[in-house]
Amino acid sequence: MTAKCYVDASGNYIGAYDGAAPPAGSIEVPTAPDHAYKRWSGGAWISTARFNTAIRNEQLAEHDQAGLPRPVEDAWRVM
């Protein structure tokens with residue numbers, strides 16, 4: 001049996017189920033998201049503001065670890 005992926009009514013990923021019944025009201029989707037902050041929007045996984053913030057924070061952390069100066073638009077955040 002192949003696991004099937006499900007989201008809730010708001011498009012939030014619930015999980016993959018193989019042989020077990022998903023929660024009531026779940027909607028089957030073709031794949032799982034590639035990042036936990038993405039949301040299903042009727043036909044595709046879309047980025048959310050939380051996803052964009054998480055990715056930006058990861059990029060800034062990598063910048064900081066490399067000892068590079070922050071991009072100008074983010075300089076105000078360290079003050």
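Here is a friendly chat about the predicted model shown above.

Reader: Hi! Before we get into details, is this model predicted or something else, and what does the chain hold in helices and strands?

Author: Hello! The model is predicted. Its protein chain has one helix and five strands.

Reader: Nice. How much of the chain counts as buried?

Author: Of the 79 residues, 20% count as buried. The accessible surface of the protein chain comes to about 5600 Å², and carbon and sulfur atoms own 55% of that surface.

Reader: And what about contacts that reach along the sequence?

Author: Take the contacts between residues at least 6 apart in sequence: 15% of them join residues at least 24 apart.

Reader: Let's do strands. How does β1 sit against β2?

Author: Strand β1, residues 4-7, runs antiparallel to β2, and four bridges join them. The two strands form a hairpin with five residues between them. In that turn, Gly11 has a positive phi of about 90°.

Reader: Which residues stand opposite each other there?

Author: Cys5 stands opposite Ala16 in β2, and Tyr6 stands opposite Gly15 in β2.

Reader: What does β1 do with β3?

Author: β1 and β3 also pair, in the antiparallel sense, over three bridges. Cys5 turns up again here, with Val29 as its bridge partner in β3. So that you have both partners of Cys5 in one place: Ala16 is opposite in β2, and Val29 is the partner in β3.

Reader: Handy. Now the loop between β2 and β3: where is Ser26, and what does Ser26 touch?

Author: Ser26 lies in that loop, between β2 and β3. Leaving aside residues up to four places away in sequence, Ser26 touches Tyr6, Val7 and Ile14.

Reader: What lies 2.6 Å from a polar atom of the Ser26 side chain?

Author: That would be the backbone oxygen of Pro23.

Reader: How far is the C-alpha atom of Gly19 from that of Ala3?

Author: The two C-alpha atoms are separated by 7.6 Å, and the residues are 16 apart along the chain.

Reader: Changing topic: how many salt bridges are there?

Author: The count comes to one salt bridge. The side chains of Lys38 and Asp34 meet in it, at 3.1 Å from N to O.

Reader: Where does Lys38 lie?

Author: Lys38 lies in the loop between β3, residues 27-29, and β4, residues 39-40.

Reader: Are the two partners buried or exposed?

Author: Lys38 is buried, since its relative accessible area of 15% falls under the 20% cut-off. Asp34 counts as exposed, at 64% relative accessibility.

Reader: Last topic, aromatics. How many aromatic pairs does the structure hold?

Author: There are three aromatic pairs in the structure. One of them is Tyr13 with Trp45, an edge-to-face pair at 6.1 Å centre to centre, with 75° between the planes.

Reader: Which parts of the chain does that pair link?

Author: The pair links distant parts of the chain: Tyr13 is in strand β2, residues 13-17, and Trp45 is in strand β5, residues 45-46. The two residues are 32 apart.

Reader: How accessible is each of them?

Author: Tyr13 is partly exposed, with a relative accessible area of 32%. Trp45 is buried, with a value of 17%.

Reader: What does Trp40 form with Trp45?

Author: Trp40 and Trp45 form an edge-to-face aromatic pair, with 5.2 Å centre to centre and 70° between the planes. Both of these Trp residues are buried.

Reader: Which residues do the ring pairs link into a cluster?

Author: The cluster consists of Tyr13, Trp40 and Trp45, linked by ring pairs.

Conventions: Residues are numbered from 1 along each chain as its sequence is written. This is a predicted model: local features need pLDDT of at least 70, side-chain atom pairs count only at pLDDT 80 or more; totals for chains, interfaces and linings use all residues. Side-chain values use heavy atoms; hydrogens and water are left out. A salt bridge is a side-chain nitrogen of Lys or Arg within 4 Å of a carboxyl oxygen of Asp or Glu. Buried means under 20% relative accessible area, exposed over 50%, partly exposed in between (1.4 Å probe, protein chains only). Rings of Phe, Tyr and Trp (its six-membered ring) pair if their centres lie within 6.5 Å; planes under 30 degrees apart count as stacked, over 60 as edge-to-face and the rest as tilted. Contact means heavy atoms within 4.5 Å. Accessible areas come from the Shrake-Rupley method with a 1.4 Å probe; for residues, only the protein chains shown count as cover. Two strands pair if DSSP finds at least two bridges between them. A polar contact is a pair of N or O atoms within 3.5 Å; within protein, one must be able to donate a hydrogen and the other to accept it, and residues adjacent in sequence count only if both atoms are side-chain atoms.
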